[in-house]
Amino acid sequence: MPKPLWPLFPAIEYPTVANTTPAAKITATLVNEVGSVAVVETEFQLHTWSMTRTEYRIVGALKHLLENATKDDLLLVECLEPNKHYELSLAKQGTSRFIEASKLKVKVGVHPLRDWGYLRPIDQLNTLDDVATAEIDAMLQKPFAPIESNPTYLISKRIARLRVFRTSILGAYGPTCALCGTGLHSANGISEFEAAHVVPKKHVGTDDPRNSLSLCRAHHWAFDKGLVAVDNSRRIILHDLAFKEPGYSPLIKLAGRDLLDPKVTHLRAHPDALAHHRKHIFEGQPFG
Ligand SMILES: [Zn+2]
């Protein structure tokens, strides 16, 4: 364990002859290179060799990471709860996660016989966005999964993730609502467009951009409330309510129109996400 990481971990008494390997119990969330997660109880310990050479290390229950790691991969370490809970995630060489991690300014000395040792400083704001960008890039390289398999509950990470999500969606669609094709800007250029989750966050919908539409405010609200949806042919369909009351006239004009796809076509809303929205939001069938 490289020295700059020590303060992130519980303080440990110095070894004695009676106890040559003092340790503190910690919880570790392990994330391997395919994003699979395991939560384990492990130990942060100070190991000694004949009371001369010492080394801080995390030992035990790390198989989930070690079996996937090869030489020169990176281990990203993040403190989730001081002295208690840490996230240890593997960045395999050649992945966008590895490349992003390699750009970090804070590098630490690594023992020549160790394959890993890297610090991800949580307090460097840009790295949160870098990590969120890398996470979203990684999602786009995999088959689409509408439900997030590894949801992030850490507030700082969620904010960064949503910032990157929004930027990628609004950039992909340009200043256009995917339903009505229009939208408003204020005089000083502030756009009303919102990056809507198709499978909503309350269903643990993914932040993969293929789970999103750029929508104007009125249509975002109508979409979230299930007044409007998109059918299998990517045509807009309306809830019966919209045809019964005159107040819904801003929706009527959408019926039967084609959904507008983004200029960046690989970010278009995925049919599985639209189907989930149709079934559980538009038709109101229970989820989960
Ligand atoms: Zn609209």
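**Before you start**

Residue numbers run from 1 along each chain as its sequence is written. The model is predicted, so local features need pLDDT of at least 70, side-chain atom pairs count only at pLDDT 80 or more, and totals for chains, interfaces and linings use all residues.

**Stop 1: the whole chain**

Show the cartoon. The protein chain has 8 helices and 10 strands. Helices (H or I, at least four residues) and strands (E, at least two) are DSSP runs, numbered from the N terminus. Now colour by pLDDT, the predictor's confidence in each residue, from 0 to 100. The mean for the protein chain is 81, and 86% of its residues reach 70 or more. Select residues 105-125: here the pLDDT is below 50. Beyond near neighbours in sequence, this stretch has 36 contacts in the model. Two residues are in contact if their C-beta atoms, placed from the backbone, lie within 7 Å. Across the protein chain, 59% of the contacts with a separation of 6 or more join residues 24 or more positions apart.

Burial comes next. A residue is buried if 20 or more other C-beta atoms lie within 10 Å of its own, exposed if 12 or fewer, and partly exposed in between, with C-beta atoms placed from the backbone. Of the 288 residues of the protein chain, 30% count as buried.

**Stop 2**

Strands pair if DSSP finds at least two bridges between them. β1 (23-31) and β2 pair in the antiparallel sense over 9 bridges. Find Thr27: its bridge partner in β2 is Glu41. On to β3 (53-59), which pairs with β2 in the antiparallel sense over 7 bridges. Here Trp49 has Arg53 in β3 as its bridge partner.

Click Glu43, in β2 (37-49). Is Glu43 buried or partly exposed? Glu43 counts as partly exposed because it has 18 C-beta neighbours inside 10 Å. Leaving aside neighbours within four places in sequence, its contacts are Ala23, Ala24, Lys25, Ile26, Ile58, Val59 and Gly60. For a distance check, draw a line from Glu43 to Ala61: they are 18 residues apart in sequence and 8.9 Å apart in space, C-alpha to C-alpha.

**Stop 3: the β4–β5 hairpin**

Select residues 74-81 and 85-91. β4 and β5 pair in the antiparallel sense over 7 bridges. Leu76 stands opposite Ser89 in β5. The hairpin has 3 residues between the strands, and Asn83 takes a positive phi near 65 degrees.

**Stop 4: Ser96**

Move to helix α2 (residues 96-102), where Ser96 is found. Ser96 counts as partly exposed, because it has 17 C-beta neighbours inside 10 Å. Beyond four places in sequence, Ser96 is in contact with Ala134, Asp137 and Ala138. Ser96 and Val131 are 35 residues apart in sequence, yet 9.3 Å apart in space, C-alpha to C-alpha.

**Stop 5: the cores**

A nonpolar core is a set of buried Ala, Val, Leu, Ile, Met, Phe, Trp, Tyr and Cys residues joined through C-beta atoms within 7 Å. The largest has 35 residues; select Leu179, Val198, Leu215 and Val228, which touch the most other members. α3 (125-140), α4 (155-173), β7 (194-197), β8 (212-215), α5 (217-224), β9 (228-230) and α8 (271-282) each supply at least two residues of this core. α4 gives the most, with 6 residues.

Centre on Leu179. Not counting residues up to four places away in sequence, Leu179 touches Leu215, His219, Val228, Ile236 and Leu254. A second, separate core has 16 residues, including Leu30, Val31, Tyr86 and Leu88.

**Stop 6: helix α5**

Show side chains on α5. His219, His220, Ala222 and Phe223 are buried. After α5 comes Gly226, with a positive phi near 80 degrees.

**Stop 7: two positive phi values**

Select Val204, in the loop between β7 and β8. Val204 has a positive phi of about 60 degrees although it is not a glycine. Val204 is partly exposed, with 14 other C-beta atoms within 10 Å.

Finish at Arg234, in the loop between β9 and β10 (236-238). Arg234 is not a glycine, yet has a positive phi of about 60 degrees. With 15 C-beta neighbours inside 10 Å, Arg234 counts as partly exposed.
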